[in-house]
Every structure is written in structure tokens, then in C-alpha cells.
Amino acid sequence: MASSDWKILVGVELDTSSIQSQLSSLTGKGSKVSLNTSDATKGLNAMSGSAKTAGMTLQEANMIWNGSIGVLKSFASQILEVDASLTEFKKVSDLQGNSLAKYTQKLQTMGKTIGKTTSEMIDLSTEFKKSGYSESDSANLAKVAGTYMNVADEAVSAGEASSFIIAQLKAFKKPASEATHIIDALNEVANNYAVSSADLSQSIGNASSALGVGNVTYEETLGLLTAGTEITRNSNKVSRALVSVQSRYNQVLDDSSSTGEKLQNWYKKHNISIKDQDGNLRSLYDTLGDVAKQWDTLSDNEKKYFINIQAGGL
């Protein structure tokens with residue numbers, strides 16, 4: 001019967017003229033759809049008469065009416081969400097008019113490829129713009145953050161995703177173009193070791209600033225966190241321990257530090273260089289790698305003493 005031909009195709013953009021055309025073809029009239037209460041009542045009465053003419057029951061016609069109203073309300077809700085998101089975006093961007101419209105369209109297109117709405121993409125872009133990234137970089141970073149939200153093994157909010165990426169880019173002095181690598185490396189580790197991407201993203205956030213200053217790379221930090229977490233099953237505890245180890249390691253540069261003096265003597269005794277050929281402090285990762293090569297040859301007392309001075313007894 002006629003009602004079986006009713007279809008509403010909903011995409012990111014809704015062509016309301018198509019809805020009107022379908023209604024018109026069913027009713028045989030040119031009645032316009034309106035959200036105004038009085039007009040809606042008149043339209044429903046008109047539809048009742050037209051339904052009889054078209055061979056439909058009032059119930060079938062009412063289903064069509066309710067369906068179209070539901071779609072239009074959803075569309076209106078999406079418009080309000082986009083408008084609210086744009087209001088926040090305009091607080092941190094100078095884009096306006098046609099330039100803003102084109103930028104919004106760009107975000108919409110990007111969002112379609114990763115299953116994110118236009119308002120979600122604008123919100124993500126706003127977070128990156130707040131941190132000083134250009135509109136172009138913010139759009140690309142929004143796509144990376146949206147992708148991370150999709151693939152994370154636990155629910156991650158837009159704010160958490162953007163904050164994580166921003167923190168790693170800044171801590172390890174990486175350009176925006178390497179944001180995808182940050183997420184790929186995180187997921188690669190989570191997929192192959194007994195740690196979750198959510199645990200890693202939180203714990204590396206606790207340690208990245210301290211380790212980044214100590215010239216430990218993002219990849220090396222992931223390795224240290226993963227190794228410790230697989231043993232302790234507590235990523236936050238491992239991240240705090242790494243911050244403490246890095247902090248104490250930095251004290252070898254302080255001539256007034258007793259801890260620094262003890263560490264210098266221990267490393268010297270075991271023929272481990274803590275400075276490179278230019279006189280700069282080697283990264284903690286490289287130095288601990290040299291310790292690991294000797295670890296099995298050390299006595300229990302030597303191991304305990306090293307852990308006490310380098311890690312503070314942790």
C-alpha cells in the first residue's frame with residue numbers, strides 16, 4: 001500500500017525539500033509541513049482527509065507525520081549543538097563569515113570519515129586551538145583525537161583525548177604532524193602487552209613532563225611504563241616511581257646534593273658514564289640500560305643500595 005513507499009534518508013545534512021516532496025506524493029496535496037501548533041493541527045486534519053483519498057488509514061498517515069516531525073526535531077537539535085560549539089570556537093579563533101563556514105564544512109567532512117558529528121569535531125578543534133595550534137593543525141588534530149576515542153579500549157571523552165595528545169606533543173617537543181604516531185604507538189603497545197591504552201595514557205601523562213625534560217623519548221617512556229606495569233599491575237604507581245627516579249637522577253648535576261654525589265660515585269664505580277661526549281647528562285633510559293647489562297652480576301646488597309639511592313627505596 002502507499003505507506004510502504006515512505007522513506008526518510010538521514011545523513012549529516014538533511015534535505016527537507018525531499019521530506020516535503022515525499023509527503024506531497026503520498027497526500028496528493030501540496031500541504032507544507034510546519035512545526036507551528038495551529039498549522040500542525042490543520043495539517044493533520046488535511047492529512048486525514050487526504051489519507052482516505054489515498055487509501056491510507058489515519059494511523060498510517062499519523063505515523064508518516066510523526067516520523068517527519070521527529071526527523072525535523074533531530075535536525076533542529078543538531079543545528080543548536082553546532083551553533084553552541086561554534087560559539088565556543090569563535091572565542092579562540094578569528095575565523096568568521098565564509099572562512100568559518102568553509103572550516104566548519106572541512107570538519108564535517110573529516111568527521112564523516114571517523115563517525116564523529118560536526119559539533120564533536122568543532123569541540124575537539126576548539127581544545128587544540130586553545131593550546132595555540134593553528135586552525136589547520138587543530139582540524140587535523142581533532143581527527144586524530146576522534147580516532148583515538150574510537151579505538152581506545154575504554155571509553156575516552158573528547159576532553160581526555162585532546163588533553164592526552166596535547167600533553168605528549170608538548171612534553172616530548174613533537175610537531176602536530178606526529179600526533180597520529182602518538183596514538184598508533186599507544187595502541188600498538190596496548191594490543192601486544194598486558195596493559196590497556198587507557199592505563200598507559202593516564203600514567204604517561206603523569207610522567208611525560210619529567211621524563212621529557214630528561215631527554216627520554218615518548219617511545220622510551222612507553223617502554224619503561226609498559227615493563228613496570230606488566231610486573232606491578234599498577235601503571236600509576238610505576239609512573240610516580242619513574243618521576244622520582246628521574247628527579248633523583250637529575251641531582252647528579254647538583255654539587256650540593258648528597259644524593260647526587262652518591263649516584264655519581266656508584267655509576268663511576270661500575271664504569272657507567274652519566275654524561276655524553278659533549279658533557280650533557282645522558283637520558284635516564286640510556287643510563288638504566290647500561291645498569292641492566294650489569295644487573296645480574298651485582299650482589300644483593302649492591303642492588304639494594306642502588307635502588308635506595310636511585311629510586312628512593314621505591
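Me: How many helices and strands are there in the protein chain?
Reply: This is a predicted model, where local features need pLDDT of at least 70, side-chain atom pairs count only at pLDDT 80 or more, and totals for chains, interfaces and linings use all residues. Residues are numbered from 1 along each chain as its sequence is written, and side-chain values use heavy atoms, with hydrogens and water left out. Helices (H or I, at least four residues) and strands (E, at least two) are DSSP runs numbered from the N terminus. On that basis the protein chain has 14 helices and 0 strands.

Me: What share of the residues of the protein chain count as buried?
Reply: Buried means under 20% relative accessible area, exposed over 50%, and partly exposed in between (1.4 Å probe, protein chains only). The protein chain has 314 residues, and the buried share is 41%.

Me: Is Thr226 buried or exposed?
Reply: Thr226 is found in helix H10 (residues 218-232). Contact means heavy atoms within 4.5 Å, and Thr226 touches Val189, Tyr193, Val195 and Leu200, not counting residues up to four places away in sequence. Because its relative accessibility is 5%, Thr226 counts as buried.

Me: How far from a polar atom of the Thr226 side chain does the backbone oxygen of Leu222 lie?
Reply: A polar contact is a pair of N or O atoms within 3.5 Å; within protein, one must be able to donate a hydrogen and the other to accept it, and residues adjacent in sequence count only if both atoms are side-chain atoms. Between the backbone oxygen of Leu222 and a polar atom of the Thr226 side chain, the distance is 2.7 Å.

Me: What is the relative accessibility of Gln246?
Reply: Gln246 lies in helix H11. Not counting residues up to four places away in sequence, Gln246 touches Ala210, Leu211, Gly214, Val216 and Leu284. Gln246 counts as buried because its relative accessibility is 1%.
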